[in-house]
Amino acid sequence: MEIEKQSNTGLDQIHEEKSTDGKSQAKLKYRYITKISQKKESAEEKRRQILNLLQSIYQHRVTKALILVLLVMLFGTIGFYIVIKIYSPMPDSYGFLDAFYLVVISITTVGYGDNLEILSLPQPGRTIGAIFTIVFLLAEYSSMIWASSTVVAYIVEGSLSGVLLTRRIQRRINMLQGHYILCGIGRTGAAITSEFRKTGNPIVIVEMKKEVIETLKVDFSNDELLCIEGDATEEEVLRNAGIMRAKGIICNLANDRDNLFLTLTARAMNPQLRIVSRGVEHKSKEKMIRAGADSVVYPSTIGALRMVSEMIRPTVVSFLDKMLRDVRQERVSEVTLSEKSKYAGKKLRDSGIYTDTGMLVLAISSPKKYKDDFIYNPSADEILDPGSVLVVIGDVAQINKLRKFANPESI
């Protein structure tokens, strides 16, 4: 019995090993097929990119001009070759190189001189050769003039218009004071730019890739965006974006390493700057805070919280969305009271905020009383200390009006 049990156990182990080998073979086969399909997809993608590149080159007007010149030169070479071969007393002495030579001296306007064999040909070769030469010269001159004008126009228009546009944008940036800088457009750049434009806050965009800037400009075709092409981690680029006069900067680069370096550079250049950095990995938050970031935002986490909110409190989410997208552009914003503000030191009921602007105060954060905390739905007897931050709701015009009363020295 024991021998029989041992044999059965051995058979079971063999079956298990076979089944395990079968599973591993299936996994290996699946991985092999997956790798092959990935290679095919990458090869297809590379082929598609090459075809798109060749198509864009072919459709370019400079390329078309060069093709026309080459076709006319080919036409002239073949024509001269045929005429000389048919009517020349020594046809074997001439070849395509001689015909091409005649084409080149025609293009360069050097002149045929003694090398022009057309006039020494017997009739009717002389007449036919002369007619062909006239037609060829007219065609060649026309194509050369058109091609050269096209190339010059492309260079002048592209370079000159680009230089003038860059200078105009730089002049507008140099006039800004208290603006914001967005470094890196990324996937959220269009939404960030749209919100800044809606709230009336000036923004300067810094992006390294020109094609990404052009794509963003298409989305804002009715408005000239202040965009700078360059590496946001370089001090010169940030200086051109007006970082010394800016109020805040958004570090929206592709990875935490670049955002960390950008945060460190921006804080060193402007210690008063508010810095909001995009984060990918949560372990990098502490490093960014130490480097000088005031806040670190994780888009993936915010997306997850939004999905949960849509599930358990859809009415609140719908209310906030409608408020943010209302045609009146209602916004929840914050305003800091300066010592010279007429509201400073007064009770909320006596401040006249609602009378002056029609705005509602939702919360107050006072550095003397609440530090980093807020008092929500403040009472009418709440005193507005200098340096207090008021969280208010209203449209863009009301918010701007309140900022003038709250901080008159910035006007």
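Trainee: Where does Ile78 lie in this predicted model, and why is Ile78 called partly exposed?

Mentor: Ile78 is in helix α2. Its relative accessibility is 37%. Buried means under 20% and exposed over 50%, with partly exposed in between, so at 37% Ile78 counts as partly exposed.

Trainee: What makes the nonpolar surface patch that includes Ile78?

Mentor: The patch is made by Leu74, Ile78, Ile82, Ile86 and Phe96, and covers about 480 Å². Patch residues need over 30% relative accessible area, and Ile78 has 37% relative accessibility. Helix α2, residues 61-87, gives the largest share of the patch, 4 residues.

Trainee: Why is Thr265 called buried?

Mentor: The relative accessible area of Thr265 is 9%. The cut-off for buried is under 20%, so Thr265 at 9% counts as buried. Thr265 is found in helix α8, residues 256-269. Leaving aside residues up to four places away in sequence, Thr265 touches Thr233, Glu235 and Leu238.

Trainee: How do you know that Cys183 is in no disulfide?

Mentor: The structure holds 0 disulfides. For Cys183, the nearest cysteine sulfur is that of Cys251, 5.9 Å away.

Trainee: What makes Cys183 and Cys227 buried or exposed?

Mentor: Cys183 has 0% relative accessibility and Cys227 has 10%. Buried means under 20%, so Cys183 counts as buried, and so does Cys227. Over the whole chain of 411 residues, 32% count as buried.

Trainee: How many helices and strands does the chain have, and what share of its contacts joins residues 24 or more positions apart?

Mentor: The chain has 14 helices and 10 strands. Among contacts with a separation of 6 or more, 61% are between residues 24 or more positions apart. The accessible surface of the chain is about 26700 Å², and 60% of that belongs to carbon and sulfur atoms.

Key:
Residues numbered from 1 in each chain as written. Predicted model: local features only at pLDDT ≥ 70, side-chain atom pairs only at ≥ 80, totals over all residues. Heavy atoms only, no water. Patch = residues over 30% accessible without salt bridge, like charges linked within 9 Å, V, L, I, M, F, W, Y side chains within 5 Å. Areas by Shrake-Rupley, 256 points an atom, 1.4 Å probe, with all protein chains shown as cover. Salt bridge = Lys/Arg side-chain N within 4 Å of Asp/Glu carboxyl O. Helix = DSSP H or I, 4+ residues; strand = E, 2+ residues; numbered from the N terminus. Buried < 20%, exposed > 50% of the residue type's maximum accessible area, 1.4 Å probe, protein only. Contact = heavy atoms within 4.5 Å. Disulfide = S-S within 2.5 Å.
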